[in-house]
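Please keep the sequence and the coordinates at hand while reading.

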Amino acid sequence: MIGNESPAALARRLVLDARSLVKIALRSGMARAFGPLDLARLGRDMIAARRHGALTVVHAHALAEPDRPALVSGALRLSYSELDRRVNRLTHALVRIGIGSGDRVGLMLKNGHEFFELHLALSHLGALGVQLGYRLKGEEVAYIVGHAGLKALFFHPECAPAVDEARRKSHVLRAVATHPVPGFDDYETLLASGRDDAPHVGAAPQGWGGVMIYTSGTTGRGKGARRDFETMGLSAVFGLLASLPVTRDERHLAVAPLYHALSAFFVATVIGLGGCIVTVDHFDAEDTLALVGRERITSSLMVPTMLSRVLALPEATRSSYDTSSLRWIMSGAAPLPTETARGIEDCLGPILYNVYGATETGLVTLAGPGEHTSRPGTIGRAIQGNELSLVGEDGNEVPVGRVGELYVRSRLAMDGYHLDADATSAASRDGAISVGDLAYRDADGYYYLADRKIDMVISGGVNLYPWEIEQRLFEHPAVQDAAVIGVPDKEWGESLVAYVVLAHDHETDADTLRAFVGVTLADYKRPRRVFFVDELPRNPTGKILKRELRARYAEQSA
């Protein structure tokens with residue numbers, strides 16, 4: 001969502017995009033692998049992919065290097081020509097069962113080859129893939145089925161009970177399991193009914209296709225953030241890639257859930273450049289290190305919780321695995337504690353990047369290796385193609401160093417919330433979008449998250465930001481995980497409560513932690529109470545579900 005560009009602004013953006021594309025081609029090795037005519041043809045195909053689907057790019061790689069590795073998913077290994085053929089079959093099969101331009105198809109999948117094949121086929125048809133988290137319950141699935149108007153639903157067998165319940169509560173034309181499940185259609189059987197030849201799909205009268213992702217719903221029921229390929233710009237994508245050491249020989253580990261926008265972005269990028277994706281459907285810290293060495297992984301996106309679990313392994317265990325192939329790790333989807341960043345840099349070297357963005361806004365800021373530790377808490381500087389503003393309660397932009405609500409103007413932002421004009425309007429301001437994050441900027445243009453607007457605590461008339469206190473708690477050696485919330489207080493309006501997970505073989509008490517916070521932060525920022533728990537409630541992308549902590553505290557207080 002972005003306002004109309006002036007001719008001068010459009011010209012500037014096109015020049016920056018062209019420079020970024022040249023830089024990407026040189027750095028990634030595309031310029032060496034393809035001649036000038038090949039590069040021009042591939043560039044044309046990548047632009048056409050917005051109109052005819054990402055399958056266009058896969059087909060280009062399949063023609064150039066048919067045996068080039070594209071995907072490793074469990075025991076299945078696919079070259080680009082094999083992936084191209086499978087997607088051709090699937091596209092034909094989808095047409096046969098009535099899926100076409102403008103239709104919405106649900107994808108309730110774990111990480112695997114089906115995710116890629118379905119998205120490629122749907123985009124080629126001009127259909128819209130709707131992402132559902134595989135941990136959703138039947139009632140939640142039924143809501144999305146009805147709200148999104150799904151024509152079909154593809155799901156992992158472990159989701160069968162939820163899908164069956166949703167099917168009883170709402171009408172889905174067809175439900176397809178990725179492995180045989182009694183009572184449901186089978187994915188491989190459906191795919192086998194298609195043909196190998198490239199599908200010829202006519203114009204898409206209802207749109208160019210796209211994706212809709214239901215927000216994680218950390219504060220309530222998720223909203224469908226829709227992004228249509230017709231209106232989507234690529235400046236922020238080019239700007240990010242120009243800042244990363246990404247190459248066409250990338251072997252990218254997809255371990256974060258692919259139904260999350262950030263994880264899907266990086267795998268789509270690697271496929272676009274002709275790299276290889278290695279998928280795993282769950283995270284285990286030691287297994288991940290072993291896989292890095294075995295598959296010679298060069299990059300991965302990991303949420304901060306995953307990184308902290310790697311650091312929680314004994315040093316002897318970590319050092320026993322060969323991680324020398326890693327060139328970059330991206331942290332995202334949840335705030336990155338500075339201590340976690342410092343630990344990963346000590347363990348794996350200066351390869352950690354931190355990206356900030358949201359389902360609604362797309363990619364917004366990037367911090368490079370060392371920047372998160374040299375500027376504690378930073379989320380980096382604005383990525384090319386984004387315009388950022390920090391707005392105070394009076395509606396005006398705040399000066400450097402002051403906290404304001406972060407608004408993002410970008411052609412990568414969503415087109416709006418599906419069937420929710422009020423929510424779209426509430427999140428918008430002059431063509432820019434906010435997800436309610438509060439932040440400030442320093443004199444060098446680096447941004448820092450203060451907290452979520454909904455999580456900000458007002459105690460005695462003073463604004464308190466839990467993330468600042470959580471960062472301090474993470475610095476204590478006994479703290480593995482922490483969350484701070486505001487709770488009702490008769491005297492102060494709200495007061496602070498901390499929930500803490502202790503690190504293995506460490507002990508401490510509430511008074512010690514409260515005093516530790518008070519060493520560097522004002523006394524009124526010390527939590528009034530500290531509760532020790534075995535784990536914090538998080539969604540699959542690592543965001544803490546603070547509404548559950550507030551409900552837990554209410555029960556404890558009662």
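In which loop is the place of Asp430? Asp430 sits in the loop between strand 20 (428-429) and strand 21 (432-433), where helices (H or I, at least four residues) and strands (E, at least two) are DSSP runs numbered from the N terminus.

This is a predicted model, in which local features need pLDDT of at least 70 and side-chain atom pairs count only at pLDDT 80 or more, while totals for chains, interfaces and linings use all residues. Residues are numbered from 1 along each chain as its sequence is written, and side-chain values use heavy atoms, with hydrogens and water left out.

**The chain overall**

The chain holds 20 helices and 28 strands. Of its 558 residues, 58% count as buried; buried means under 20% relative accessible area, exposed over 50%, and partly exposed in between, with a 1.4 Å probe and protein chains only. Among contacts (heavy atoms within 4.5 Å) between residues at least 6 apart in sequence, 68% join residues at least 24 apart.

**Positive phi values**

Asp430 has a positive phi, near 55 degrees, although the residue is other than glycine, and Asp430 counts as exposed because its relative accessibility is 61%. Asp505, in the loop between strand 27 (493-502) and helix 19 (510-520), likewise is a residue other than glycine with a positive phi, near 65 degrees; at 68% relative accessibility, Asp505 counts as exposed. A positive phi, near 70 degrees, is also found at Gly149, which follows helix 7.

In helix 7 (residues 138-148), the buried residues are Gly138, Val141, Ala142, Ile144, Val145, His147 and Ala148. Their cover includes strand 3 (104-108), strand 4 (128-131), strand 5 (152-155), helix 8 (160-169) and strand 8 (210-214). In helix 13 (residues 304-312), the buried residues are Pro304, Thr305, Met306, Leu307 and Val310, and among the elements covering them are helix 12 (285-295), helix 14 (315-319) and helix 15 (338-348).

**Helix pairs**

Two packed helices are described by the angle between their axes and the distance between the axes. Here axes are lines fitted to C-alpha atoms, for helices over the stretch in contact, and angles run from 0 to 180 degrees between N-to-C directions.

| Helix pair | Axes come within | Crossing angle |
|---|---|---|
| Helix 13 and helix 15 | 10 Å | roughly 55 degrees |
| Helix 18 (residues 466-474) and helix 19 | 10 Å | roughly 110 degrees |

Angles under 35 degrees count as roughly parallel, over 145 as roughly antiparallel, 65 to 115 as roughly perpendicular and the rest as oblique. Helix 18 and helix 19 are therefore roughly perpendicular to each other. Their contact joins Ile469, Arg472 and Leu473 of helix 18 to Leu513, Phe516, Val517, Val519 and Thr520 of helix 19.

The angle of roughly 55 degrees between helix 13 and helix 15 makes helix 13 oblique to helix 15. Pro304, Leu307, Ser308 and Leu311 of helix 13 form this contact with Thr340, Gly343, Ile344 and Cys347 of helix 15.

**Cysteines**

With a disulfide taken as a pair of cysteine sulfur atoms within 2.5 Å, the count comes to 0 disulfides. Cys276 is buried, because its relative accessible area is 3%, whereas Cys347 counts as partly exposed at 29% relative accessibility.
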